[in-house]
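User: Hi! I have a new model open and would like to talk it through. Could you start with whatever I need to know to follow talk of a bent helix?

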Amino acid sequence: MKRIIAALLAGLCLFVLVGCSAGSKADSAAPKDYSQIIHDARTDEDNEYDMIFTKGEDGKFTAIDGYSAEYEADQLNDELKDIVFPLLGLEDGSYESFAASVSSMMVRSYAIAIVKPAEGKTDAVKAALEAYVQSEQQSMEHYLEDQYQVAKAATVTVAPTGEVILVCAEDHDTILSNIEKALAA
């Protein structure tokens, strides 16, 4: 009888351990919150001024930070879809998820984006974000020297975790480092 009880307890312990390890694997594969990563990587001033947008599961754009609270949902979606998002040049189907903060003002070079490319689309996403940087450089080269320097120092890189990162902002080294650390965590 003792052997049967011991065997049942051993089996129960094994069952519990398997269940616990399966849960930790699922947790580590959970998608990252790119909007929160950008928020945490920036200064409080940037978070107060520049909204971070993403596309929800319903296909509509949503945003946090900046002036996003001043918009009604459809108005925000339309402005992002028609004005801000095209600046990045990302096409539907080229990404699985993303978050970005982009200035549409002609007097400021500013964009931060984290894009998880769709299968086989890493090069296309990287090229689109590099084209944004080149456009900013051309726009600012003979217009605003300080903003040209920001655009000239911009970085587009692929993180070890597979996301394509764009940082075109003052203090871009710190922002990029913060993003890379958060993605690796």
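Analyst: Happy to! The bend at a residue is the angle between two fitted axes, one through the seven residues ending there and the other through the seven starting there. One caution before we go on: this is a predicted model.

User: Good to know. Where is the kink in H4 centred?

Analyst: The kink in H4 is centred on Leu-80 and comes to about 45 degrees.

User: And how far does H4 reach from its first C-alpha to its last?

Analyst: H4 covers residues 73-88, so 16 residues, and it reaches 21 Å, which is close to the 22 Å expected at 1.5 Å a residue.

User: Nice. Which residues of H4 are buried?

Analyst: The buried ones are Leu-76, Asn-77, Leu-80, Val-84, Phe-85 and Leu-88. That list includes Leu-80, where the kink is centred.

User: What follows H4?

Analyst: Gly-89 does, and its phi is positive, near 75 degrees.

User: Let's switch to H5. I was eyeing Ala-127 there. Is Ala-127 buried, exposed or partly exposed?

Analyst: Ala-127 lies in helix H5, and it counts as partly exposed because its relative accessibility is 41%, between the 20% and 50% cut-offs. In space, Ala-127 is 9.4 Å from Leu-90, C-alpha to C-alpha, although 37 residues separate the two in sequence.

User: New topic: salt bridges. How many turn up in the whole structure?

Analyst: A search of the whole structure finds seven. One of them pairs Asp-65 with Arg-42, with the closest N and O atoms 3.6 Å apart.

User: Which parts does that pair tie together?

Analyst: Asp-65 is in the loop between S2 and H4, while Arg-42 is in the loop between helix H2 (34-41) and helix H3 (44-49), so the pair ties together parts 23 residues apart in sequence. Arg-42 is buried, because its relative accessible area is 6%.

User: And what about Lys-55 and Asp-92?

Analyst: Their side chains meet in a salt bridge at 2.9 Å, N to O. Lys-55 lies in strand S1 and Asp-92 in the loop between H4 and S3, so this pair ties together parts that are 37 residues apart in sequence.

User: Is each of those two buried, exposed or partly exposed?

Analyst: Lys-55 is partly exposed, with a relative accessible area of 26%, whereas Asp-92 is exposed at 61%.

User: Which residues are joined into one network?

Analyst: Asp-46, Asp-50 and Arg-108 are, through salt bridges that share partners.

User: Last one: which residues form the nonpolar patch on the surface?

Analyst: That patch is formed by Tyr-49, Met-105, Met-106, Val-107 and Tyr-143, together showing about 540 Å² of accessible area. Among them, Met-106 sits in the loop between S3 and strand S4 (111-117), and it is exposed because its relative accessible area is 65%.

Methods. Residues are numbered from 1 along each chain as its sequence is written. This is a predicted model: local features need pLDDT of at least 70, side-chain atom pairs count only at pLDDT 80 or more; totals for chains, interfaces and linings use all residues. Side-chain values use heavy atoms; hydrogens and water are left out. Helices (H or I, at least four residues) and strands (E, at least two) are DSSP runs, numbered from the N terminus. Buried means under 20% relative accessible area, exposed over 50%, partly exposed in between (1.4 Å probe, protein chains only). Patches are made of residues with over 30% relative accessible area and no salt bridge: like charges are joined within 9 Å, nonpolar side chains (Val, Leu, Ile, Met, Phe, Trp, Tyr) within 5 Å. Accessible areas come from the Shrake-Rupley method with a 1.4 Å probe; for residues, only the protein chains shown count as cover. A salt bridge is a side-chain nitrogen of Lys or Arg within 4 Å of a carboxyl oxygen of Asp or Glu.
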